[in-house]
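Please open the model in your viewer and keep the selection panel at hand. We will go from one stop to the next, with a note on what to look for at each.

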Amino acid sequence: MNKLYLVIGASGRLGRSLMSLLGEQALGVGMSNTSPTLDITDWQAVRRLLEEVRPQVVIHAAAWTDVDGCARDPQRARLINGIGTQHVAAASARVGAELVYISTNEVFDGQAQQPYGEYAPCAPINPYGYSKWLGEQGVRAVQPRHYIVRTAWLFAHGGKNFIQAILGAAQAGKPLRVVIDEIANPTYNDDLAAAILRLIPTGRYGTFHLVNEGAVSRYGFARYVLDQVGHNQTPITPISRQEWPRPSTPPPYAALENAAAASLGVTLRPWQQAVNAFLHAEGLLRDEETA
Ligand SMILES: NC(=O)c1ccc[n+]([C@@H]2O[C@H](COP(=O)([O-])OP(=O)(O)OC[C@H]3O[C@@H](n4cnc5c(N)ncnc54)[C@H](OP(=O)(O)O)[C@@H]3O)[C@@H](O)[C@H]2O)c1
């Protein structure tokens, strides 16, 4: 018999990819654009929904992902990403479901010289990272049957993302200034969703880093995207993080190493191949140019 999945955050970027892979095996819920809706900050609502649905697996991909918004309102960030996640963890444990919680590379301080392994110490330096780390702690405290999956720099079809912002600015002929001293792993939502669904049947609970292979600066990421779509002559000015002030402080070097899932055979392709696949699906690359 197929497992029943509950995807929380189903209309978000990752949630949409998960829902399309899971099809009728999944019920998707979120703050809006889903039926029923669910606000994870409401404990009674979370408990009731899980008791009604009785899923075998809960994939919790809901979050307040506006990192600058979280910096302006840390209390709200803690409520949604921290306490809301504790509600999901407790309710999933009550109904005997497994839980996949999606976390972030921003739980690290960004001072490392090499990619962070799964058990490197967490030391978030901004309210978004702190709130997601609270969520991780809530999961570990009450839900032993968990997969905590950290990821980074997601790009997805539809909605806003870094690739679309860079392409939009280049097409509009706007001058491009991109930060060079912030490094992580660009990750294609569709690859992440598929990897999560490969991880679950392993039954090996714990903390995992699922990102496309390899790391790059935001500047290098932007340069790669423009070169692929024929904007080789479009200049980009590399700037430092200090020259791009924003409410949140991103960790400078927050690349992740996938060691744990790789040991179970779950790996993701290099980020350049993933970007090419994304651009191809958007109709921006010809077939022979995909990696
Ligand atoms: N995007 C990235 O670059 C990135 C990087 C690392 C980790 N992550 C993590 O990956 C996961 C998925 O990210 P994403 O980019 O797919 O996020 P997203 O597109 O911003 O979607 C987040 C979803 O969460 C829902 N949500 C927000 N508050 C909620 C609440 N109180 N109750 C129930 N649902 C709520 C939203 O519903 P509405 O649409 O109805 O508001 C939305 O569907 C998140 O856990 C995020 O922290 C993301």
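Predicted model: local features only at pLDDT ≥ 70, side-chain atom pairs only at ≥ 80, totals over all residues.

Residues are numbered from 1 along each chain as its sequence is written. Helices (H or I, at least four residues) and strands (E, at least two) are DSSP runs, numbered from the N terminus.

**Stop 1: H4 and H5**

Select residues 74-94 for H4 and 127-142 for H5; their axes come within 8 Å and cross at roughly 20°. Axes here are lines fitted to C-alpha atoms, for helices over the stretch in contact, and angles run from 0 to 180 degrees between N-to-C directions. The crossing angle makes H4 roughly parallel to H5 (angles under 35 degrees count as roughly parallel, over 145 as roughly antiparallel, 65 to 115 as roughly perpendicular and the rest as oblique). Show side chains at the contact, including Ala77, Asn81 and Thr85 of H4 and Ser131, Leu134 and Gly138 of H5. Residues are in contact if their C-beta atoms, placed from the backbone, lie within 7 Å. The residues of this contact comprise ten nonpolar, seven polar and two charged (Ala, Val, Leu, Ile, Met, Phe, Trp, Tyr, Cys and Pro count as nonpolar, Asp, Glu, Lys and Arg as charged, and the others, Gly among them, as polar).

**Stop 2: the sheet**

Now colour the strands. Six of them form an open sheet with parallel pairing, in the order E2-E1-E3-E4-E5-E10; two strands pair if DSSP finds at least two bridges between them. Which strands stand at the edges? E2 and E10 (206-209) do, each with a single partner strand, so one side of each has no neighbour in the sheet.

Zoom in on E1: Tyr5 and Val7 on one side and Leu6 and Ile8 on the other are all buried (20 or more other C-beta atoms within 10 Å of a residue's own; 12 or fewer is exposed, and in between is partly exposed, with C-beta atoms placed from the backbone). Four bridges join E1 to E2, and leucine 6 has leucine 27 as its bridge partner in E2.

**Stop 3: H6 and H8**

Select 162-171 for H6 and 218-228 for H8, whose axes come within 10 Å and cross at roughly 60°. That angle makes H6 oblique to H8. The contact includes Phe162 and Ile166 of H6 and Phe221 and Val225 of H8. Its residues are nine nonpolar, no polar and no charged.

**Stop 4: backbone details**

Most residues other than glycine have a negative phi, and most peptide bonds are trans. Go to serine 35 and proline 36, which are joined by a cis peptide bond with omega about 5°. Proline 36 is in the loop between E2 (26-29) and H2 (43-53). In that loop you will also find asparagine 33, whose phi is near 60°; asparagine 33 is exposed, with 12 other C-beta atoms within 10 Å.

Finish at arginine 54, in the loop between H2 and E3 (57-60). Its phi is positive too, near 50°, and arginine 54 is exposed, with 11 other C-beta atoms within 10 Å.

Methods: Contact = placed C-beta atoms within 7 Å.
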